[in-house]
Amino acid sequence: MANILIKNIKGLGGILKENNTPLRGKEMANFDTISDAFLAIEDGEISMYGPMSELAGVIDWNNLEVIDAEGKYVLPAFCDSHTHIVFAKTREDEFVDRIKGLSYEEIGKKGGGILNSARKLADMPEEELVADAMKRLALIKAHGTGAVEIKSGYGLSVAAELKMLRVIKTLKAQSDLTIKATFLGAHAFPMEYKENQDAYVDLVINEMLPIIAEENLADYIDVFCERNYFTPEQLDRILAAGVAAGLKPKIHVNQFSVLGGVGIGVKHGAVSVDHLEELDDNDINELKNSKTIATALPSCSFFLNIPYSPVLKMLENDIAVALATDYNPGSTPSGNMQFVNSLACVKMRMTPNQALNATTINGAHAMEMGSELGSITVGKKANIIITKEIPSLDYIPYSFGENVVEQTLLF
Ligand code: NIG
Ligand code: FE
């Protein structure tokens with residue numbers, strides 16, 4: 001592998017001197033940047049960086065590919081820690097139904113929503129699911145994403161959940177993005193379990209989980225804990241079984257209501273609790289005293305027209321906040337992390353620096369990749385974004401809807 005030198009970088013952002021824990025509260029204010037900088041990459045790893053004035057004499061110019069980044073910024077590639085990128089069909093018909101007045105929850109109750117996606121996925125061959133997901137991965141890479149978590153959850157039967165997780169396994173092998181897989185069998189109750197929901201929980205725990213653990217098909221376990229979906233008691237049971245099978249929790253909680261799922265996640269050592277559009281003081285206290293990352297999904301709030309997560313309150317309480325897209329066909333048909341940065345600033349009043357930290361280093365930690373990805377640190381993978389010529393880093397969230405990424409380099 002040729003070594004690479006990126007020179008004349010207008011601003012090299014996201015520098016962290018050493019390996020680290022997630023940034024909490026006040027620590028998120030600073031996105032350390034060097035102006036007029038260079039970055040050296042050896043065997044796909046960051047080997048050196050600094051101001052251009054210090055470049056002379058420290059670089060071996062043999063066997064070196066040189067990229068001139070005059071006028072451009074370099075920063076860590078985005079780490080999108082919550083997506084549902086494997087799905088069969090888009091759902092713009094439901095989007096139109098919502099415009100006409102139906103709510104997301106009402107569409108779900110009528111057998112649309114997640115069950116709609118499950119019906120479509122059951123019929124789709126594995127190779128087609130892979131091909132479509134690969135296109136989506138190419139699209140998010142073009143917008144600056146280098147690492148992504150992908151959930152199952154549109155299977156909802158033993159065969160189809162396994163099919164989804166095998167698709168994700170193939171994506172891990174074929175894609176140059178770093179991918180983590182999450183088992184979300186408890187995403188919705190199939191129609192046939194409507195009158196006996198605990199029997200579906202039994203199926204998840206006793207039939208799906210053992211095969212998934214045995215075949216090593218998932219890194220994490222997820223549950224959609226919400227009214228009309230999985231209860232806190234069911235969440236508790238499934239997480240206990242998941243943890244016993246070696247899967248750490250990353251869960252959907254508090255999208256529409258506060259049911260106590262945050263505390264249950266924390267109790268089971270969740271890596272992250274995600275959504276949090278609704279949050280009470282108990283939840284804040286649970287998160288404050290834990291290592292669990294709070295992940296907000298502002299594109300989902302935008303698209304469903306629901307409240308945004310109270311991120312400033314979390315930051316005041318020194319909680320580690322990550323931001324992700326939630327890319328899925330129902331609530332968030334977008335995997336654009338630049339738009340997530342814009343929404344975080346405009347709708348949740350994060351500063352551009354806080355939003356960049358939440359979409360890079362804290363996103364990496366929300367996939368347990370914080371010691372390998374998510375910052376400009378010597379020894380980390382050199383997975384980076386080179387922007388187009390832009391005036392400043394603040395321009396990234398400011399210029400919403402524009403793709404400022406020229407190139408995403410992944411190793
Ligand atoms: O995170 N809320 C649960 N799951 C997804 C949406 C799934 C869908 O509508 O297809 C979410 O928003
Ligand atoms: Fe989700």
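What we have is a predicted model, in which local features need pLDDT of at least 70 and side-chain atom pairs count only at pLDDT 80 or more, while totals for chains, interfaces and linings use all residues. Residues are numbered from 1 along each chain as its sequence is written, chains are lettered from A and ligands numbered from 1 in the order in which they are written, and side-chain values use heavy atoms, with hydrogens and water left out.

Let me begin with the metal. Which residues coordinate the iron ion (ligand 2)? They are His-82 (NE2), His-84 (NE2), His-252 (NE2) and Asp-326 (OD), at 2.1 to 2.2 Å. Donors here are N, O and S atoms within 2.8 Å of the metal (3.2 Å for Na, K and Ca); water is not among the atoms, so sites may look incomplete. Along the sequence, the spacing of the donor residues reads H-x1-H-x167-H-x73-D. His-82 lies in the loop between strand 6 (78–80) and helix 1 (92–99), and Asp-326 in the loop between strand 13 (321–323) and helix 12 (337–348), so the pair ties together parts that are 244 residues apart in sequence. Helices (H or I, at least four residues) and strands (E, at least two) are DSSP runs, numbered from the N terminus. His-82 and Asp-326 are both buried, that is, under 20% relative accessible area, whereas exposed means over 50% and partly exposed in between (1.4 Å probe, protein chains only).

The loop between strand 6 and helix 1 also holds Ala-88. At 8% relative accessibility, Ala-88 is counted as buried. Beyond its neighbours within four places in sequence, Ala-88 has contacts (heavy atoms within 4.5 Å) with Lys-120, Leu-121, Met-124, Leu-129 and Asp-132.

On a 1 Å grid over the protein atoms alone, a cavity is a set of points where a 1.4 Å probe fits but cannot get out, and a pocket is an open set with protein on both sides within 12 Å along at least five of seven lines; lining residues have an atom within 4 Å of a point. The largest cavity is lined by 14 residues, and His-84, an iron donor, is among those nearest its centre. The largest pocket has 18 lining residues, with Pro-22, Val-271, Lys-291, Ile-293 and His-365 nearest its centre.

Finally, helix 9 (residues 281–288) has Asp-283, Ile-284 and Leu-287 buried. On the other side of helix 9, Asp-281 and Asn-282 are exposed.
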